[in-house]
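The following note is written for a colleague who is new to this structure. Please read the numbered points with the sequence and the model in view.

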Amino acid sequence: MGSLFSSSSRSSVEALGGTPVVLNVYDLTPLNNYMYWFGLGIFHSGIEIHGLEYGFGAHDFPVTGVFEVEPKNCPGFVYRRSITLGCISLSPSETHTFMEQLASDYHGDTYHLISKNCNHFTNDVSSKLIGKPIPGWVNRLARLGAMCNCLLPESLQLPAVKQIHDYHAFSDGSESFSIITADETDQDRCLLSSSSGAEVTFVKESLK
């Protein structure tokens, strides 16, 4: 899928206002408070459009890892800042259809910290919707890691956002997940913290 808008049409949409496409960035570690000033850090990001934030996380199943959450409230992470990337003219239903189509390209069991993480997802969404990438610093550590695997400690070779142990369907056909943990090992492998009370819902994949 290429960008949905040409440069001229994007300019027209922005001139008319349009709907903002916002990148919400979260800290995965307190070390970001120091690394951030050097243009580095370990970040999670989500794309906010029409009052919903879309993200990508890992699990063990060959189904989508793309989910919806309340903006700036993704559980398990500390919100840092928001960046307006541009504007689009898609309606809420058109935006959701776009996400359903993209969801099939981002299965939870294909998540990889270096080559296919949450920031790769938000970069893909930004590139397709408004024709430009997210800021480079958001995923710089992954790009450096791809060039030199020894750069990151072994613990960071694992997905920063890890495993969904179970999930169930809502009556409207969308999917949500619940965390099931049996011991400390399982707890270390949870996708998202359930302590925040934030509701997270999977995007339903469209059939290709």
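1. Asp27 lies in strand β1; helices (H or I, at least four residues) and strands (E, at least two) are DSSP runs, numbered from the N terminus. With a relative accessibility of 11%, Asp27 counts as buried, a word that stands for under 20% relative accessible area, with exposed over 50% and partly exposed in between (1.4 Å probe, protein chains only). Its side chain makes a polar contact with the side chain of Arg80 at 2.8 Å. A polar contact is a pair of N or O atoms within 3.5 Å; within protein, one must be able to donate a hydrogen and the other to accept it, and residues adjacent in sequence count only if both atoms are side-chain atoms. Leaving aside residues up to four places away in sequence, Asp27 touches Asn32, Asn33, Ile42, Phe43, Phe77, Val78 and Arg80, where contact means heavy atoms within 4.5 Å.

2. The model is predicted: local features need pLDDT of at least 70, side-chain atom pairs count only at pLDDT 80 or more, and totals for chains, interfaces and linings use all residues. Residues are numbered from 1 along each chain as its sequence is written, and side-chain values use heavy atoms, with hydrogens and water left out.

3. The chain averages a pLDDT of 74, and 64% of the residues score at least 70; pLDDT is the predictor's confidence in each residue, from 0 to 100. It stays under 50 over residues 5-14, for which the model has 14 contacts beyond four places in sequence. Over residues 155-195 pLDDT also stays under 50, and the model has 86 such contacts there. Where pLDDT is low, the predicted coordinates should not be read in detail.

4. How many of the residues of strand β2 are buried? Seven of the seven (residues 43-49) are, so the strand is largely enclosed by the rest of the structure. Phe43, Ser45, Ile47 and Ile49 are buried on one side of β2, and His44, Gly46 and Glu48 on the other.

5. Strand β1 (residues 19-27) pairs with β2 in the antiparallel sense over six bridges; two strands pair if DSSP finds at least two bridges between them. Asn24 stands opposite Gly46 in β2. Strand β3 (residues 52-56) is joined to β2 by three bridges and runs antiparallel to it, with Ile47 opposite Tyr54. β2 and β3 form a hairpin with two residues between them, and His50 in the turn has a positive phi of about 50°.

6. The whole structure holds seven aromatic pairs. Rings of Phe, Tyr and Trp (its six-membered ring) pair if their centres lie within 6.5 Å; planes under 30 degrees apart count as stacked, over 60 as edge-to-face and the rest as tilted. The ring centres of Phe43 and Trp137 are 5.2 Å apart and the planes meet at 80°, so this pair is edge-to-face. It links distant parts of the chain, 94 residues apart: Phe43 in strand β2 and Trp137 in the loop between α4 (118-130) and α5 (140-147). Phe43 is buried at 4% relative accessibility, and Trp137 is buried at 17%.

7. Phe56 and Tyr106 form an edge-to-face pair, 5.1 Å centre to centre with 75° between the planes. Ring pairs link Phe56, Tyr106, Tyr111 and Phe121 into a cluster. Phe56 is buried, with a relative accessible area of 0%.
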